[in-house]
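This report goes through one protein chain, topic by topic. Keep the sequence and the structure in view while reading.

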Amino acid sequence: MPALQRPAAVVTLVSGACAKAAGCWVRSSSGTSSSPSQPAIAAKHPYQVDLKAGKRYAWCACGHSKKQPFCDGSHKTATPDLSPLRFQLEEAKSAWLCGCKHTKSPPYCDGTHKEEFIQKAELPGQP
């Protein structure tokens, strides 16, 4: 697998998708929980995708989507306090999107999936 790199294209976060601009992570949409939900590890690898310029994407941040790495709305019942990260690129690029949902640079893979806690974790739907 080639070295994982963040595309050079400018990423525009769609309004309301992220609470922290620089270290962007998913926003919590419910302030009632005493401890926020943690994302499920959807995969122990990133997803290589071809992203189109100007198209809006919703990266699954909860790990429960059946359309990985993108959102299918599963967070609404599985983890209602987690929302997808919505973004769009100004120019088309191929990118590696995080599958473990623990990246420090969402939606892009930063290699966190190589860490022991991810590699030893059981994936949803596996014994």
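## Salt bridges

E91 and K93 are joined through their side chains by a salt bridge, with an N to O distance of 3.0 Å. The model is a predicted one, and the distances in this report are computed from it. Side chains of opposite charge can pair when their charged atoms come close. Both partners are partly exposed: E91 has a relative accessibility of 42%, and K93 has a relative accessible area of 27%.

How many salt bridges does a search of the whole structure find? The search finds two. The other pair is K120 and E116, whose closest N and O atoms are 2.8 Å apart. Here K120 is exposed, with a relative accessible area of 63%, and E116 is also exposed, at 52% relative accessibility.

## Overall fold

The protein chain contains two helices and five strands. Read from the N terminus, the order of its elements is β-β-β-α-β-β-α. The chain has 127 residues, and 43% of them count as buried.

In the model, residues 44–81 are 11% helix and 21% strand. Residues 82–119 are 11% helix and 26% strand. For residues 44–81 the end C-alpha atoms lie 23 Å apart, and for residues 82–119 the end C-alpha atoms also lie 23 Å apart.

## Cysteines without disulfides

How many disulfides does a search of the whole structure find? It finds zero. A disulfide needs two cysteine sulfur atoms within 2.5 Å. For C100, the closest cysteine sulfur belongs to C98 and is 3.7 Å away, so the two are too far apart for a bond. For C109, the closest cysteine sulfur is again in C98, at 6.0 Å, which is also too far for a bond.

Are C100 and C109 buried or exposed? C100 is buried, at 2% relative accessibility. C109 is buried as well, with a relative accessible area of 10%.

## The cavity

The structure has one cavity of 30 Å³ or more. The volume of the largest cavity is about 40 Å³.

Which residues line the largest cavity? The lining is made up of W59, C60, A61, C62, S65, C71, D72, G73, S74, H75, S83 and P84. By type, the lining residues divide into six nonpolar, five polar and one charged. Asp counts as charged, and D72 is among the lining residues.

Along the sequence E115 and K44 are 71 residues apart, while in space their C-alpha atoms are 9.5 Å apart.

K101 is also in the loop between β5 and α2. The backbone of K101 has a phi near 70°, a positive value in a residue other than glycine. Most residues other than glycine have a negative phi, and most peptide bonds are trans.

## Cis peptide bonds

What kind of peptide bond runs from P106 to P107? The bond is cis, with omega near 5°. P107 is located in the loop between β5 and α2.

Q68 and P69 are joined by a cis peptide bond too, with omega of about 5°.

Note on methods
Residues are numbered from 1 along each chain as its sequence is written. This is a predicted model: local features need pLDDT of at least 70, side-chain atom pairs count only at pLDDT 80 or more; totals for chains, interfaces and linings use all residues. Side-chain values use heavy atoms; hydrogens and water are left out. Buried means under 20% relative accessible area, exposed over 50%, partly exposed in between (1.4 Å probe, protein chains only). On a 1 Å grid over the protein atoms alone, a cavity is a set of points where a 1.4 Å probe fits but cannot get out, and a pocket is an open set with protein on both sides within 12 Å along at least five of seven lines; lining residues have an atom within 4 Å of a point. Grid points are joined across faces, edges and corners, and a volume is the space filled by probe spheres set on the points. Helices (H or I, at least four residues) and strands (E, at least two) are DSSP runs, numbered from the N terminus. A salt bridge is a side-chain nitrogen of Lys or Arg within 4 Å of a carboxyl oxygen of Asp or Glu.
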